[in-house]
Amino acid sequence: MKKEEMKEKLPLFLLEQSEDEKAQNTLKKYSRNIESFLEWLPDGAEVEKTIVIDYKSYLLNEKHFRTNTINNYIISINKFLYWCGAENCKVKQLKKQHAASNSEILSLADYKRLLRFARRMGQEDTYLIMKILAMTGIRIEELSFFTVENVKSNYIHVRNKGKERSIIIRQDLARELRAYCRDKGIKSGVIFYCATKGKMMAKSTIWRRMQRIAGVARVSKNKVHAHSFRHLFAKMFLEEYNGSIAELADILGHNSLETTRIYAKTTDEEKRRKLERIKFQ
């Protein structure tokens, strides 16, 4: 199949994925990754496995993308190739060695420092967003379920990534959120909205705000992103309830315990302190 034929088929592929109820972010990823591949192809090129392998090499050696990024491209392209009937052109993902330690884990001290500086900077909404992420372990996109109506309860029922689960809110956090809504005169809808009231604040806006706070607080910016608070939640939960990884998987909304174990990684410094507490004499 030639490049031009694939370009014609891409809109139909995306339409079918949409009708299959794929998330909007997933559809954007498919579109972006596949379009990048098709733009890279020479005009009139016949798509064969060797040329897809060349593209994978291009992403690695010329674009210098990380393994996860390259594998995201490969997943999208492979899915499209299969849909086009060119399954024989699919290529393997890059293998990634899972590290036993994680050097970029947000510590409890980092978290508390970020909260202090958020308040000093008058970023009360970002302060509460960081508390929600750290104290519930939610994914950033699930923040849209935090509405005035939903925080009247300690449980929020959500549907995300085709799965249903309950987000559990601690009573102290729920009270703080309700007080914030009263103080700001937010009577209904999402709590953390953008300039257009009723519409959820963009993830990119939340990230930029947290990065700005991290800079002022002198916390490594590499540690400060929405997912790092999810890691902190998992770490704190397992420290308090050692061995409850299956329960943690339920709270985080994971189907696989292997996924949850990734969140149980500690830093080399934390491992060293644990080893030094072992009494050999």
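Which side chains meet in a salt bridge with an N to O distance of 3.0 Å? Those of Lys3 and Asp43 do, where a salt bridge is a side-chain nitrogen of Lys or Arg within 4 Å of a carboxyl oxygen of Asp or Glu. Lys3 lies in helix H1 (residues 3-19) and Asp43 in the loop between helix H2 (24-40) and H3, so the pair ties together parts that are 40 residues apart in sequence. Side chains of opposite charge can pair when their charged atoms come close.

The model is predicted: local features need pLDDT of at least 70, side-chain atom pairs count only at pLDDT 80 or more, and totals for chains, interfaces and linings use all residues. Residues are numbered from 1 along each chain as its sequence is written, and side-chain values use heavy atoms, with hydrogens and water left out.

The overall layout comes next. The protein has twelve helices and two strands; helices (H or I, at least four residues) and strands (E, at least two) are DSSP runs, numbered from the N terminus. Read from the N terminus, the order of elements is α-α-α-α-α-α-β-β-α-α-α-α-α-α. Of the 281 residues, 42% count as buried, the classes being buried under 20% relative accessible area, exposed over 50% and partly exposed in between (1.4 Å probe, protein chains only). Among contacts (heavy atoms within 4.5 Å) between residues at least 6 apart in sequence, 59% join residues at least 24 apart. The protein exposes about 16800 Å², of which carbon and sulfur atoms supply 48%. Accessible areas come from the Shrake-Rupley method with a 1.4 Å probe, and for residues only the protein chains shown count as cover.

The salt bridges number twelve in the structure. Another bridge is formed by the side chains of Glu39 and Lys7, at 3.4 Å from N to O. Glu39 lies in helix H2 and Lys7 in helix H1, so this pair ties together parts that are 32 residues apart in sequence. Glu39 is exposed, with a relative accessible area of 55%, and Lys7 is partly exposed at 40%. Lys22 and Asp20 also meet in a salt bridge, at 2.9 Å from N to O. Lys22 is partly exposed at 24% relative accessibility, and Asp20 is partly exposed at 47%. Elsewhere, salt bridges that share partners join Arg119, Lys131 and Glu176 into one network.

Glu176 belongs to helix H7 (residues 171-184) and is partly exposed, at 22% relative accessibility. Leaving out residues up to four places away in sequence, Glu176 touches Arg119, Tyr127, Leu128 and Lys131. Leu128 is 48 residues from Glu176 in sequence, and their C-alpha atoms are 8.5 Å apart.

Helix H3 (residues 49-61) contains Lys56.

With residues up to four places away in sequence set aside, Leu59 touches His64, Phe65, Ile70 and Tyr73. The C-alpha atoms of Leu59 and Tyr73 are separated by 9.0 Å, and the two residues are 14 apart along the chain.

The cysteines can be checked for bonds. A search of the whole structure finds zero disulfides, a disulfide being a pair of cysteine sulfur atoms within 2.5 Å. For Cys84, the closest cysteine sulfur is that of Cys89, 9.7 Å away, which is too far for a bond. Cys84 is buried, at 12% relative accessible area, and Cys194 is partly exposed at 25%.

On the surface, Leu275, Ile278 and Phe280 form a nonpolar patch with about 380 Å² of accessible area together. Patches are made of residues with over 30% relative accessible area and no salt bridge; like charges are joined within 9 Å, and nonpolar side chains (Val, Leu, Ile, Met, Phe, Trp, Tyr) within 5 Å. Ile278 sits in the segment after helix H12 (268-276) and is partly exposed at 43% relative accessibility.
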